[in-house]
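These are my notebook entries on one structure. I set down each item as I looked it up.

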Amino acid sequence: QVQLAESGGGLVQAGGSLRLSCGASGRAFGRYAMGWFRQAPGKEREFVAGIRWIPGGTVYADSVKGRFAISGDDTRTTVYLQMNSLKPEDTAIYYCAADPGGDLTRWIYWGQGTQVTVSS
């Protein structure tokens with residue numbers, strides 16, 4: 001069983017930065033893919049960014065390209081989301097997720113979420 005725990009959310013002014021972290025317990029991710037999603041009030045949960053260690057690579061939603069960066073540590077047990085140039089529309093609960101298949105399509109494990117609020 002994999003358990004995910006997010007941290008690093010908070011309140012920031014527009015134009016500011018935050019770094020979210022997602023730690024995994026239960027196992028290192030190995031062939032897993034990891035991702036970040038977000039859900040704003042009254043909206044559907046949406047994909048933000050994903051990372052694969054095998055064969056490697058990252059993918060981003062168009063709305064965050066050039067502003068957000070996903071990365072992982074060498075142990076593959078922690079994933080980060082560096083968020084720069086934040087906008088009020090980035091306000092949401094951010095969730096970490098894991099895909100055991102590694103292809104960024106089957107998000108089986110989820111964290112509890114961390115709130116990000118961007119003030120104008």
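**Entry 1: terms and ground rules.** I call a residue buried under 20% relative accessible area, exposed over 50%, and partly exposed in between, using a 1.4 Å probe and protein chains only. The model is predicted, so I kept to the rule that local features need pLDDT of at least 70 and that side-chain atom pairs count only at pLDDT 80 or more, while totals for chains, interfaces and linings use all residues. I number residues from 1 along each chain as its sequence is written, and side-chain values use heavy atoms, with hydrogens and water left out.

I take helices (H or I, at least four residues) and strands (E, at least two) as DSSP runs, numbered from the N terminus. I say that two strands pair if DSSP finds at least two bridges between them.

Arg 76 is not a glycine, yet its phi is positive, at about 60°. I found Arg 76 in the loop between strand 7 and strand 8. Its relative accessibility is 28%, so I class Arg 76 as partly exposed.

Ser 85 also has a positive phi, near 50°, and is a residue other than glycine. I placed Ser 85 in the loop between strand 8 and strand 9. With a relative accessibility of 41%, Ser 85 counts as partly exposed.

Which peptide bond did I record as cis? The bond is the one from Ile 54 to Pro 55, with omega near 5°. Pro 55 belongs to the loop between strand 5 (46-52) and strand 6 (57-60).

**Entry 2: the disulfide.** I count a disulfide when a pair of cysteine sulfur atoms lies within 2.5 Å. By this rule I counted one disulfide. It joins Cys 22 to Cys 96, with an S to S distance of 2.0 Å. The pair links distant parts of the chain, as Cys 22 is in strand 3 (residues 18-25) and Cys 96 is in strand 9 (residues 92-99), 74 residues apart. I read the torsion about the S-S bond of Cys 22 and Cys 96 as about -80°, so the disulfide is left-handed. Are the two cysteines buried or exposed? Both Cys 22 and Cys 96 are buried.

Entry 3: As a reminder, strands of a sheet pair through backbone hydrogen bonds, either parallel or antiparallel. I traced an open sheet of four strands in the order 1-3-8-7, with antiparallel pairing. Strand 1 and strand 7 (68-72) stand at the edges with a single partner strand each, so one side of each has no neighbour in the sheet. The twist averages 15° from one strand to the next, where axes are lines fitted to C-alpha atoms, for helices over the stretch in contact, and angles run from 0 to 180 degrees between N-to-C directions.

I went through the pairs in turn. Strand 1 (residues 3-7) pairs with strand 3 over five bridges, and here Ala 5 has Gly 23 as its bridge partner in strand 3. Strand 3 is joined to strand 8 (residues 78-83) by six bridges, and Cys 22 has Val 79 as its partner in strand 8. Strand 7 and strand 8 pair over five bridges, with Ala 69 opposite Gln 82 in strand 8.

**Entry 4: two hairpins.** I found six bridges between strand 4 (residues 33-39) and strand 5, which run antiparallel. Met 34 stands opposite Ile 51 in strand 5. This hairpin has six residues between the strands, and in it Gly 42 takes a positive phi near 75°.

Strand 5 also runs antiparallel to strand 6, joined by four bridges. Gly 50 stands opposite Val 59 in strand 6. This second hairpin has four residues between the strands, and Gly 56 takes a positive phi near 110° there.

**Entry 5: Thr 117.** I located Thr 117 in strand 11 (residues 114-119). Thr 117 is partly exposed, with a relative accessible area of 28%. Leaving aside neighbours within four places in sequence, I found Thr 117 in contact (heavy atoms within 4.5 Å) with Gly 10, Leu 11, Val 12 and Thr 91. Thr 117 and Ser 17 lie 100 residues apart in sequence and 11 Å apart in space, C-alpha to C-alpha.
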